[in-house]
Amino acid sequence: MPLFNRFILLLFVFFGVVDTQAQQLITKRSTFYALAGTSGARLNQFDNILADRGLSGLRNRYQTIGLGYQARINDFVLGMDVLHNRGGVSELDDFSMNYRTSRALLNVGYAFTEESRFQLIHYMSIGVGFLNFQMLPTERTRDLDAFLAKPEQGFVLREKDIQKGTLNYGNFLTEIGFQLSYDFDLPGRREALQIITKMGYSFSPLEGKWNMNGINFDNAQSGAFIRLGAGITLPDRNFFYKDASIGVSLIRGVHFTIPKRFNARLKEAGLNPLNTTPSNWGLRILGDTERLLYGAELYNLALDGKANDEKRHSLNSLRVYGNIGYNLIEYRNFGLGTLVGLGYGNIRYTLLTNDKPDFPELFEQRDFDGYLRNSGLMLKPEVFAEYGIPMTRRKLFDLVLTVAAGYEIPLANYKLGDLSMSGYMAGPYLSFGVGVRP
């Protein structure tokens, strides 16, 4: 809830300031995009442990993918990025070592250009993150019962563990950088294709916030970066067409499914089941031009609980969809539409020992935790209703309330060991959203 409240508060402050200071001629632009990039991050303390044993350090670079949204009123820019970062895999004996981080960032910036195909924006980001470091067997078991009988196959360290739920995001992170972008017209469309380059430096301003088991992992959240991407934008020159908009919402939903077969296997292994239905927090970006709908969304489903007296476990699934649809009804501020989404989903089960030693003893013993993962394609049809409320005197943006219902269909088996989880991945859902639409 704190992340949600801060996001909404920042939107109101931003648009309130713009509304009071805007001149009579107001130019607006909104954009959503996907990014991929690279950054450097050397884990010094862990590399020293490896060096003491005559081993080479981990690869000092990670790859980034992400989704973003940006709204621009005159020269003021406000946006949001959700980024996933993955370090390179290093192998030692029969183990693979790597780290992953993810970040949710709010961007505030200033554009140096006006009404141009080329944009130069200086921005600063503030947000929160998650860190995962693991050393697990290179060859994973394909027998779920064998895994549950002896899950201690390596170790997994997590700080602000979003696999227990998105609201576990935490620890202050910042970025500062520049964005260069250029618009290319799309034949017959009011939107434009935007090519984006972002470059800058990301860092954790509060030292020691990413310490795990005696090792400082702050460097995993720091480093110079460059990211390239592409997206759909509504340029200044086309934005005033009344049926064109791109909005962003935070969504909260519940999925009506329970991992019954998986729970039965947990019980047989003497572990507590995960009996609740999963809920999610996520981000939804939706464009609407002449009733044609397009956009993307991502959300994180999580179940978490006590496995036994010594362990905790979580069952987590990330879903990322590209959506296309049609706005069936538009009446004043009310809309009713339908969407079809095709995307990516994964299923992740983690069984963690509560008490593990610090490094270097942890590096020597290793066998404490277990982790299973699989992924594939997902499909979903959806219907939704939304209501927009103008929020400023100049009607710079609407506060948009959304309710949506749909059904998710897995297009893969999503096996954990030898057990298919497709029955758990399938099912109806209901979600609610609050967002803004310039």
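This is a predicted model: local features need pLDDT of at least 70, side-chain atom pairs count only at pLDDT 80 or more; totals for chains, interfaces and linings use all residues.
Local features here need pLDDT of at least 70 and side-chain atom pairs count only at pLDDT 80 or more, while totals for chains, interfaces and linings use all residues. Residues are numbered from 1 along each chain as its sequence is written, and side-chain values use heavy atoms, with hydrogens and water left out.

Student: Which residues of α2 are buried?

Tutor: Let's start with the terms: helices (H or I, at least four residues) and strands (E, at least two) are DSSP runs, numbered from the N terminus. Buried means under 20% relative accessible area, exposed over 50%, and partly exposed in between (1.4 Å probe, protein chains only). By that rule, the buried residues in α2 are Phe46, Asp47, Ile49 and Leu50.

Student: Why do Phe46, Asp47, Ile49 and Leu50 count as being on the same side of α2?

Tutor: An α-helix has 3.6 residues a turn, so residues three or four places apart point the same way. The arc is taken from the directions from the helix axis to the C-beta atoms. In α2, Phe46, Asp47, Ile49 and Leu50 are buried. They lie on the same side of α2 because they cover an arc of only 150°.

Student: What covers the buried residues of α2?

Tutor: Look for contact, meaning heavy atoms within 4.5 Å. The cover includes β5, β6, β11 (215-216) and α5.

Student: Which residues touch the most other members of the largest nonpolar core?

Tutor: A nonpolar core is a set of buried Ala, Val, Leu, Ile, Met, Phe, Trp, Tyr and Cys residues joined through side-chain atoms within 4.5 Å. The largest one has 26 residues, and those touching the most other members are Leu43, Phe46, Met97, Phe133, Phe217, Phe359 and Phe363.

Student: Which elements each supply at least two residues of this core?

Tutor: In soluble globular proteins, nonpolar side chains tend to be buried together. Here, the elements that each supply at least two residues are α2 (44-52), β5, β6 (118-137), β7 (155-159) and α5.

Student: Is Asn107 buried or exposed?

Tutor: Asn107 sits in strand β5. Its side chain makes a polar contact with the side chain of Asp81 (3.3 Å); such a contact is a pair of N or O atoms within 3.5 Å, where within protein one must be able to donate a hydrogen and the other to accept it, and residues adjacent in sequence count only if both atoms are side-chain atoms. With a relative accessible area of 5%, Asn107 is buried.

Student: How many bridges link β13 and strand β14?

Tutor: Two strands pair if DSSP finds at least two bridges between them. Strand β13 (residues 244-255) has 10 of its 12 residues buried, and Ser249 has Arg284 in β14 as its bridge partner. The pairing of β13 with β14 (residues 279-289) is antiparallel, and the bridges number 11.

Student: What stands opposite Arg252 in β22?

Tutor: β13 also pairs with strand β22 (residues 427-437), in the antiparallel sense over 8 bridges. In β22, the residue opposite Arg252 is Phe432.

Student: Is Asp93 buried or exposed?

Tutor: Asp93 lies in the loop between β4 (90-92) and β5 (95-111). Asp93 has a positive phi of about 55° although it is not a glycine. At 60% relative accessibility, Asp93 is exposed.

Student: Which residues does the cis peptide bond join?

Tutor: Look in the loop between β17 (334-353) and α5 (361-365), where Pro360 is placed. Omega is about 5° for this bond, and the residues joined are Phe359 and Pro360.
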